[in-house]
Every structure is written in structure tokens, then in C-alpha cells.
Number of protein chains: 2
Amino acid sequence: MSEKQAGGRGIQSIEVGGALLQALAAAGRPLALKDLALAAGMTAAKAHPYLVSFSRLGLVEQTSEGAPYALGPFARSLGLISLQQDAPLQRASAELAGLAQALDMTVGLATWTEQGPIVLRVAEPPGPVHLSLKLGAVLSLSQSASGQVLSAAIGWDGVAALWQRAEPTLTEAEVKARLAAVRRQGWARSDESLVPGVSALAVALGTLGATPLRLAFVALAPREWMDARLPGVVQALQQAAQRCAPAAS
Amino acid sequence: MSEKQAGGRGIQSIEVGGALLQALAAAGRPLALKDLALAAGMTAAKAHPYLVSFSRLGLVEQTSEGAPYALGPFARSLGLISLQQDAPLQRASAELAGLAQALDMTVGLATWTEQGPIVLRVAEPPGPVHLSLKLGAVLSLSQSASGQVLSAAIGWDGVAALWQRAEPTLTEAEVKARLAAVRRQGWARSDESLVPGVSALAVALGTLGATPLRLAFVALAPREWMDARLPGVVQALQQAAQRCAPAAS
């Protein structure tokens with residue numbers, strides 16, 4: 001989360017409790033009360049009544065009394081409903097099949113989460129043999145093409161916590177320099193990070209007003225094939241990205 | 001949300017604020033401050049500071065000052081992360097391709113949200129011509145096979161609010177009788193509710209301890225084809241559902 005201060009007076013306990021949801025989302029797995037409280041910077045005694053209320057709402061759940069806290073069914077509903085409401089996402093999904101056909105490559109749509117980029121949609125080319133991309137997979141923040149272009153699009157403030165956890169040996173200046181280079185170039189490529197011999201090329205979808213769309217197109221191909229067709233693939237992804245963003249409302 | 005009282009002392013403002021998130025999720029579209037406050041049963045003046053804090057967390061967002069409130073990027077993250085953590089869902093997804101191949105039908109996986117059943121995964125049969133099911137589509141609560149089996153699996157307390165909104169002319173007793181009939185039968189079928197001449201058959205995935213899994217398999221076929229193969233389709237979906245649930249942890 002960025003530290004942006006939305007205007008006006010808030011409710012302190014919403015923000016205190018929200019830190020528990022953020023910590024649970026960032027962990028990416030169920031956490032015991034004491035670990036969850038620690039991750040959110042509070043005591044277990046302070047965290048517990050918030051978790052009782054979140055359980056009543058369905059935002060968190062335990063499979064049994066004393067079991068670790070997981071995200072609950074209402075958390076899933078919020079996500080699915082927000083995906084449906086997202087106009088740029090609907091437009092980007094509609095571009096995917098055409099991109100896969102035109103490039104004769106597997107093309108995916110990745111989105112940003114508290115854990116890093118996640119594969120949200122996949123379209124495969126018409127031929128009998130093609131590379132695959134797993135729906136719901138979490139991609140590497142620093143090694144995947146999607147991780148790099150999404151980080152560059154969102155900017156340091158929005159990605160700092162995740163980078164510091166994933167790449168503790170990199171300094172803030174080093175990461176900022178890498179992201180600035182990706183932003184100038186307008187695309188990122190990764191070789192070998194998924195499968196030996198396979199290249200991925202990603203382009204971020206731009207912004208809606210001042211807000212980055214947190215979506216990226218990614219194309220997959222054998223490395224030699226990507227080498228030979230790089231400018232055409234970049235251009236096709238960038239043109240599709242431009243078609244998705246401008247009419248956003 | 002059911003009114004289940006998770007044990008222990010909660011935080012009142014989490015539950016007051018949670019009503020705003022529930023109202024926004026149930027609406028399924030962005031809402032202006034006054035409409036959102038009304039839907040949650042509070043005044044705009046009371047709702048506003050909660051929304052300020054939810055905006056800081058990224059649970060809600062506005063495209064500009066004064067614009068309607070939509071679910072925000074952190075709401076999306078929560079949903080995607082909870083989907084990844086869900087062991088029964090991962091097992092059910094792994095069954096889909098085999099079901100589509102064995103039945104030679106399009107098979108989908110629907111899940112329950114505050115708006116009703118949503119199509120979460122789809123697998124298509126190998127042949128060149130097949131029916132399709134749209135990822136992310138919201139299915140009818142009362143007319144779709146998935147809506148009926150999921151409502152029956154979750155039970156009246158968990159679905160009452162949605163049924164009362166979707167089918168205001170049905171009494172509680174009428175809905176309960178329909179759900180009890182579906183529960184006894186173990187599957188539901190809908191004809192014509194999606195496309196004329198097309199039948200859908202759905203089976204819910206059972207429970208994890210006392211908690212319904214909120215997932216259903218659905219198979220699609222032309223009506224005559226479904227008529228001819230009904231027992232085999234029911235059996236295949238029920239066997240796949242049984243493979244998903246028991247090892248749940």
C-alpha cells in the first residue's frame with residue numbers, strides 16, 4: 001500500500017485493523033494469531049478483537065478454533081466483484097485472443113497484488129503446440145518481465161515493501177535505477193526465468209488519470225523466436241495496451 | 001454474510017465499517033456516497049470517515065474527488081490471494097480438464113460471491129465445436145443450475161439477503177422448499193436459462209468440516225444431449241466433487 005493520505009478524517013480502528021489484513025495478504029498464506037499480530041506490529045491481545053470482527057464479516061476465517069487465520073469468503077467476493085467492475089481489465093481481456101492469434105504466441109494478462117504479479121487471464125495461439133502460463137501463478141517480482149514492468153508503472157512508493165522483502169540485497173537506489181530504465185524503455189524482457197529457453201516480454205497498460213492500471217500484457221515464446229521478432233512483439237503489445245487505456249472512465 | 005457470532009469481543013467500528021464494504025459488494029457497481037450510506041443503513045456523515053480510511057487501505061477507491069466509490073486494488077488483491085490459498089479450489093481446478101475430456105462437454109467451476117454465483121474456471125472439450133462459458137460472468141441465482149446447488153449447499157441463512165433481492169415475490173418458505181429439494185436430489189439442472197436449447201447441470205462440492213465449500217461444477221450441453229446422458233453426467237460430476245472435498249485440510 002502506498003502511504004497516500006486520502007483527504008479527510010478517518011476512523012483509527014479501521015486503519016489499525018487494516019494493517020492485519022495487509023499483513024495477511026502480504027504473507028500469502030494463513031498465519032497463526034501471534035505471527036499475524038507480529039507482522040502487523042501489534043500484540044496478540046490487541047489483534048484478537050479485530051480478527052473476531054473480521055471473522056464475523058467473512059474477511060478472515062479459521063478452519064477450527066485456534067487454527068491459523070486465512071482470508072475468508074468475503075475477501076474472495078470482494079476480489080471477484082472488483083475484477084468484474086474493472087473497465088480497463090475487461091478491455092484488456094478482450095484484446096488477448098486477438099494478440100495470441102496475431103503473434104502466434106501464448107499471451108497473458110498479469111495484475112499486481114500484495115504478493116507480486118499474478119497471472120489473471122491467458123490466451124493461447126491456434127496451433128497444436130504452445131507454451132502455457134498457469135492461471136493464478138505468482139510471478140517473480142524481479143526476474144519476470146511482468147514483475148519489472150508493473151513495478152516500473154506503479155513506482156517505488158507502491159512496490160518498496162515487496163521489493164525489500166524479495167530482494168533484500170538490493171538498495172533502494174539500485175531498484176529505482178532498474179525501474180527507471182524499464183520505464184524509459186517501455187517494456188521488459190525476461191529470459192529463462194520461467195523455463196529454460198523460454199522468453200517473456202511484458203508491457204504495462206499505462207494509467208487511468210494519475211493511477212497506474214496495475215495490469216500488464218505478457219507474450220511467451222522460445223528465446224530464438226523472441227529474438228527474431230522482438231520489435232514486432234513490442235509494437236503489438238504496446239498498441240493493444242494503448243487501445244485499453246484511453247477510453248477508461 | 002450470515003449473522004454467525006464468531007466467539008469473543010470484537011471491535012465495533014470494524015463491524016460498522018464492514019457494512020459499507022458488504023453494501024458495495026452486494027451492489028456490484030460503484031456507488032455515490034449517499035447511496036452507499038443508505039444501502040448500509042447509515043448517514044453520509046457517518047459513512048464518510050470510514051470510506052476515507054478504506055481509501056487509505058486501497059479497499060475502496062474513487063476515480064476522482066466526489067466520484068462514486070468502487071472496490072479498490074487491495075480488495076482485488078485479497079480476492080486473488082484467497083483464491084490461491086484455497087486448497088479445495090486448487091483440487092477442483094485440476095479436475096476440470098479431465099471432466100471436459102471425459103464428458104466431451106464444456107465444464108466450468110462456479111463460486112459464490114455477494115452478488116451470486118460467478119464463473120471462476122472453464123475447461124472446454126477437445127472437439128472443434130463447443131459451447132462456451134464466460135469467465136467472470138454472474139449467473140442467475142434462481143434460474144441457473146449453479147445458483148440453485150450453491151444456494152442449497154450454503155443454506156438459507158447465508159443466501160437469504162440475495163434471494164430476497166433477486167426474487168422478492170418468493171416467500172422464505174418457498175425458497176427453503178426449493179433448496180431442500182435440490183439438497184435431497186444432490187444436483188440441479190437448468191434448461192434455457194443461458195441460451196435456448198442449452199442445458200446446464202451443476203453439483204456442489206460439499207463441505208469442509210461444517211463450512212460449505214461454495215464451489216460447484218457445472219456441465220453444459222445441448223438439451224437433447226443432456227437428456228440422453230443425464231445419469232452419467234451427474235455421476236461424473238459427483239465423483240469429481242467427492243475427490244475434491246475429503247482431503248481438504
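The model is predicted, so local features need pLDDT of at least 70 and side-chain atom pairs count only at pLDDT 80 or more, while totals for chains, interfaces and linings use all residues. Residues are numbered from 1 along each chain as its sequence is written, chains are lettered from A in the order in which they are written, and side-chain values use heavy atoms, without hydrogens and water.

**Chain A as a whole**

- Chain A has 9 helices and 9 strands, which are DSSP runs (helices H or I, at least four residues; strands E, at least two) numbered from the N terminus.
- Its C-alpha atoms fill a box of roughly 60 × 40 × 40 Å along the principal axes.
- Of the 249 residues of chain A, 51% are buried (under 20% relative accessible area, with exposed over 50% and partly exposed in between; 1.4 Å probe, protein chains only).
- Among contacts (heavy atoms within 4.5 Å) in chain A with a separation of 6 or more, 54% join residues 24 or more positions apart.
- Chain A exposes about 10,800 Å², of which carbon and sulfur atoms supply 53%; the area comes from the Shrake-Rupley method with a 1.4 Å probe.

**Cavities**

- The structure holds 3 cavities of 30 Å³ or more; a cavity is a set of points on a 1 Å grid over the protein atoms alone where a 1.4 Å probe fits but cannot get out, and lining residues have an atom within 4 Å of a point.
- The largest cavity holds about 70 Å³ of space, where a volume is the space filled by probe spheres set on the grid points, joined across faces, edges and corners.
- Its lining has 13 residues, and A:Ile14, A:Phe54, B:Ile14, B:Phe54 and B:Leu59 are the closest to the centre.
- The lining divides into 10 nonpolar, 3 polar and no charged residues (nonpolar: Ala, Val, Leu, Ile, Met, Phe, Trp, Tyr, Cys and Pro; charged: Asp, Glu, Lys and Arg; polar: the others, Gly among them).
- α1 (12-27) and α3 (44-57) of chain A and of chain B each supply at least two lining residues, and α1(A) gives the most, with 4.

**Asp104**

- Most residues other than glycine have a negative phi.
- A:Asp104 has a positive phi, near 55 degrees, and lies in the loop between α5 (87-103) and β3 (106-113) of chain A.
- A:Asp104 counts as partly exposed because its relative accessibility is 37%.
- B:Asp104 also has phi near 55 degrees, and lies in the loop between α5 (87-103) and β3 (106-113) of chain B.
- B:Asp104 is partly exposed, at 38%.

Note on methods
1 Å grid on protein atoms, 1.4 Å probe; cavity = no way out; pocket = protein on both sides within 12 Å on 5 of 7 lines; lining within 4 Å.
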